[in-house]
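Please read the following briefing alongside the sequence and the structure.

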Amino acid sequence: MLTIARYLDLLLVALALPVFLVAGLPLAGWAVGGGAWVAQRGLQEYLERRAGASTDPRTVVGLLAGSMIARGWFVAIAVFLVGLSDNEAGLAAAVLVIALFTVYFSVRMILRPFEATPSGAGAGAGAGAGAGVGAGVGAGAAGAAGQARVAPSGSSPARGESR
C-alpha cells in the first residue's frame, strides 16, 4: 500500500491524459510536463539508490542536493521551452507540473514517518545533534557573558573592561 502511495504522482500523470483529451488542452503540454516529470522522478530514484549505497557522506549530500537542484531546473526549463513555442501548452504543462509536485510533496511528507531508516540516521538523530550543538553554544556564550560581567570586588578589571 505504501509503495502505491509513493508513486501516486506517476499515476496522476497517466490520469491526466484523459483530462487533457476531454478538456481539449494541448497534448504538447501533457507530453512535456508529464514527460519531464517522469524523467526527473526516474533520475531521482536512480540517484537515491546510488546515495543509499554510498558510505561517504559527501557523496550522499552531493548526489541528493545536486540532483534536487538539477531536477527542478530540468522541469522548469522544459515547461519554459514548450511555453515559448505555444503559450497554452506551456500553461497546461506548468499547471500539470504544479499538480504533480503538490501530490508528490504531500505524499512524501505523509509517508516520511513510515519510511525505514538505518539505526542512528534520519531526522531524529540529526535534530537531536543539532539541538545539542545549539544548546551548547548558547550555554557557552551565556556562561562567558556571565563571567565577563561578574568581577570579584577589589580585583582589577579584565583587559578591555572599565569599571
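From the N terminus on, the elements run α-α-α-α-α-α; helices are DSSP runs of H or I with at least four residues, numbered from the N terminus. This is a predicted model, in which local features need pLDDT of at least 70 and side-chain atom pairs pLDDT 80 or more, while totals for chains, interfaces and linings use all residues. Residues are numbered from 1 along each chain, and side-chain values use heavy atoms, without hydrogens and water.

**Helix pairing**

- The axes of H4 (residues 57-85) and H5 (residues 87-111) come within 5 Å and cross at roughly 155°; axes are lines fitted to C-alpha atoms over the stretch in contact, with angles from 0 to 180 degrees between N-to-C directions.
- H4 is therefore roughly antiparallel to H5 (an angle over 145 degrees).
- Residues in this contact (heavy atoms within 4.5 Å) include Val-75 and Val-79 of H4 and Ala-93 and Val-97 of H5.

**Aromatic residues**

- Trp-37, Phe-101, Tyr-104 and Phe-105 form one aromatic cluster; rings of Phe, Tyr and Trp (its six-membered ring) pair if their centres lie within 6.5 Å.
- Phe-101 and Phe-105 are stacked, at 5.6 Å centre to centre and 20° between the planes (stacked means under 30 degrees, edge-to-face over 60, tilted the rest).
- Phe-101 and Tyr-104 form a tilted pair, with centres 6.5 Å apart and planes at 45°.
- Tyr-104 is buried, at 15% relative accessible area, whereas Phe-101 is partly exposed at 42% (buried is under 20%, exposed over 50%, partly exposed in between, with a 1.4 Å probe and protein chains only).

How values were computed: Helix = DSSP H or I, 4+ residues; strand = E, 2+ residues; numbered from the N terminus. Parallel < 35°, antiparallel > 145°, perpendicular 65-115°, else oblique.
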